[in-house]
Amino acid sequence: MRCPSCQYNGTRVVDSRPVDDNKAIRRRRECEDCGSRFTTFEKVEEMPLIVVKKDGSREEFSHEKVLRGLIRACEKRPVSLDVLENVVFSIEKDLRRIGNSEVKSEEVGEMVMDRLAKIDEVAYVRFASVYRQFKDINVFIDELKDLLKKTPEDQR
């Protein structure tokens, strides 16, 4: 690391601590030549995650966009914001673990629905009705029947 004061190429780390929810490390450094102290930040450079939409267009995965959809589905439901944020984090983590830089929007939608079905059935149906664009009441009833098959008796 080059000293910003004297441009000497030797520094030592005086202090390190995690920042930004353990996503980065803040380091206090001292120049071995002039003794000047300065701060650096070390952060993992993540590969952008691209979502391929139904029409073929591409956009970067948006944590906020998925969270907004979940909040809308859970309106007036007893689901905390922390739970919804954890859902979005787990979806993004799973998508990154798969290792593909591009993912279809359908995959993201299915992951959201899988998690919502376990959290709140009403929110699941709300999300599914918009996501799957139910054309009539019969499609809606079929989705409810599928949900009932997935839900164990003791959870109803």
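Biologist: How many nonpolar, polar and charged residues are in the lining of the second largest pocket?

Modeller: Sort by class first: Ala, Val, Leu, Ile, Met, Phe, Trp, Tyr, Cys and Pro are nonpolar, Asp, Glu, Lys and Arg charged, and the others, Gly among them, polar. Here that lining has 6 nonpolar residues, 1 polar and 7 charged. Keep in mind that this is a predicted model, where local features need pLDDT of at least 70, side-chain atom pairs count only at pLDDT 80 or more, and totals for chains, interfaces and linings use all residues. Numbering runs from 1 along each chain as its sequence is written, and side-chain values use heavy atoms, with hydrogens and water left out.

Biologist: What volume does the second largest pocket have, and which residues are the closest to its centre?

Modeller: A pocket is an open set of points on a 1 Å grid over the protein atoms alone, where a 1.4 Å probe fits and protein lies on both sides within 12 Å along at least five of seven lines; lining residues have an atom within 4 Å of a point. Points join across faces, edges and corners, and the volume is the space filled by probe spheres set on them. This one holds about 370 Å³. It has 14 lining residues, and Lys23, Glu46, Phe89, Glu92 and Arg96 are the closest to its centre. Helix α2 (residues 81–98) gives the most to this lining, with 4 residues.

Biologist: And the largest pocket: what is its volume, and which residues are the closest to its centre?

Modeller: The largest pocket comes to about 740 Å³. Its lining takes in 23 residues, with Lys65, Ser105, Gly109, Phe127 and Tyr131 the closest to the centre. By class you get 9 nonpolar, 5 polar and 9 charged.

Biologist: Which elements supply at least two residues of that lining?

Modeller: Elements are DSSP runs numbered from the N terminus: helices are H or I of at least four residues, strands E of at least two. For the largest pocket they are β5 (58–60), α1 (63–73), α3 (105–119) and α4 (121–131). The most comes from α1, with 6 residues.

Biologist: What pattern does the protein follow along the sequence?

Modeller: It goes β-β-β-β-β-α-α-β-α-α-α, with 5 helices and 6 strands.

Biologist: In what sense do β1 and β2 pair?

Modeller: Pairing takes at least two DSSP bridges between two strands. Strands β1 (residues 11–19) and β2 (residues 24–31) are antiparallel, over 8 bridges. Thr11, for instance, has Cys31 in β2 as its bridge partner. The hairpin leaves 4 residues between the strands, and Asp20 takes a positive phi near 55 degrees.
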